[in-house]
Every structure is written in structure tokens, then in C-alpha cells.
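Please look over the sequence and the model shown here, and then read the report that follows alongside them.

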Amino acid sequence: MIDIYVLEDNVNQQFRIERMIDELLDENQWDYRHFEIFSEPSHFPNFVEESCPQIFFLDIDINGDNKKGIEVAKKIRKCSFKHGLNLF
């Protein structure tokens, strides 16, 4: 099982991404443990685990800060080097 986390500050994009991921999971009959979407980067470090494969979909530009997504990716990489996959 995997964990899937999305960081996106635009609500319309959140719905679009959620629908796409749901369709992929259903079509391929993939199981997941968590699937969560956040608009605030401060929530992400609390969910990073070393023990479980995780996929992170990160918006690079969060609330006008065009490097915030990169900063979050660096924090995730420090905590989840073996099992994390960051996608922008």
C-alpha cells in the first residue's frame, strides 16, 4: 500500500488532480493507505514516513511564493529518502 499526498493551493486544481488520481487508482485496482490533499505546506512534514512508499504531488508556486514547493520537496527528501517520490 502507498500514501498519496497533494500540495496545491488552487481549489479547482485540487479537484482536477483528485479526480485524475481516483480514476487511476480505480482503473488499476491499486490500494492506498492514505490519499490527502492540502493547500498549506506546513502540514506536509507531519505525514512523511520512512516505513511506507509515498507519492507527493507538489505545486511549485504556493500562494505566490514560486519556490515553496521546492522547499517542501527538500524537507520531504530529508525524511523519506528511500520511499518518497516527489512529482511537480
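Asp-3 is buried in this predicted model, because its relative accessible area is 0%, where buried means under 20% relative accessible area, exposed over 50%, and partly exposed in between (1.4 Å probe, protein chains only). Asp-3 forms a salt bridge with Arg-33, and the closest N and O atoms of the pair are 2.7 Å apart. Asp-3 belongs to strand β1 (residues 2-7) and Arg-33 to strand β2 (residues 32-38), so the pair ties together parts that are 30 residues apart in sequence. A salt bridge is here a side-chain nitrogen of Lys or Arg within 4 Å of a carboxyl oxygen of Asp or Glu, and the structure holds one of them. In general, side chains of opposite charge can pair when their charged atoms come close. Arg-33 counts as partly exposed, because its relative accessibility is 37%.

Residues are numbered from 1 along each chain as its sequence is written. Because this is a predicted model, local features need pLDDT of at least 70 and side-chain atom pairs count only at pLDDT 80 or more, while totals for chains, interfaces and linings use all residues, and side-chain values use heavy atoms, with hydrogens and water left out.

The protein chain contains two helices and four strands, which run β-α-β-β-α-β from the N terminus on; helices (H or I, at least four residues) and strands (E, at least two) are DSSP runs, numbered from the N terminus. Of the 88 residues of the protein chain, 32% count as buried.

Helix α2 (residues 68-79) holds Lys-74, and Ala-73 lies in helix α2 too.

| Residue | Relative accessible area | Class |
|---|---|---|
| Asp-3 | 0% | buried |
| Arg-33 | 37% | partly exposed |
| Ala-73 | 8% | buried |
| Lys-74 | 56% | exposed |

Ala-73 and Pro-41 are 32 residues apart in sequence, and their C-alpha atoms are 10.0 Å apart in space. Lys-67, Lys-74, Lys-75 and Lys-78 form a positive surface patch, a patch being made of residues with over 30% relative accessible area and no salt bridge, with like charges joined within 9 Å and nonpolar side chains (Val, Leu, Ile, Met, Phe, Trp, Tyr) within 5 Å.

The mean pLDDT of the protein chain is 80, and 78% of its residues reach 70 or more, pLDDT being the predictor's confidence in each residue, from 0 to 100. Among the elements, helix α1 (residues 11-28) has the highest mean pLDDT (95) and strand β4 (residues 84-87) the lowest (52). Where pLDDT is low, the predicted coordinates should not be read in detail.

Technical notes
Areas by Shrake-Rupley, 256 points an atom, 1.4 Å probe, with all protein chains shown as cover. Lys, Arg positive; Asp, Glu negative; His and termini not counted. Charge placed at Lys NZ, Arg CZ, Asp CG, Glu CD.
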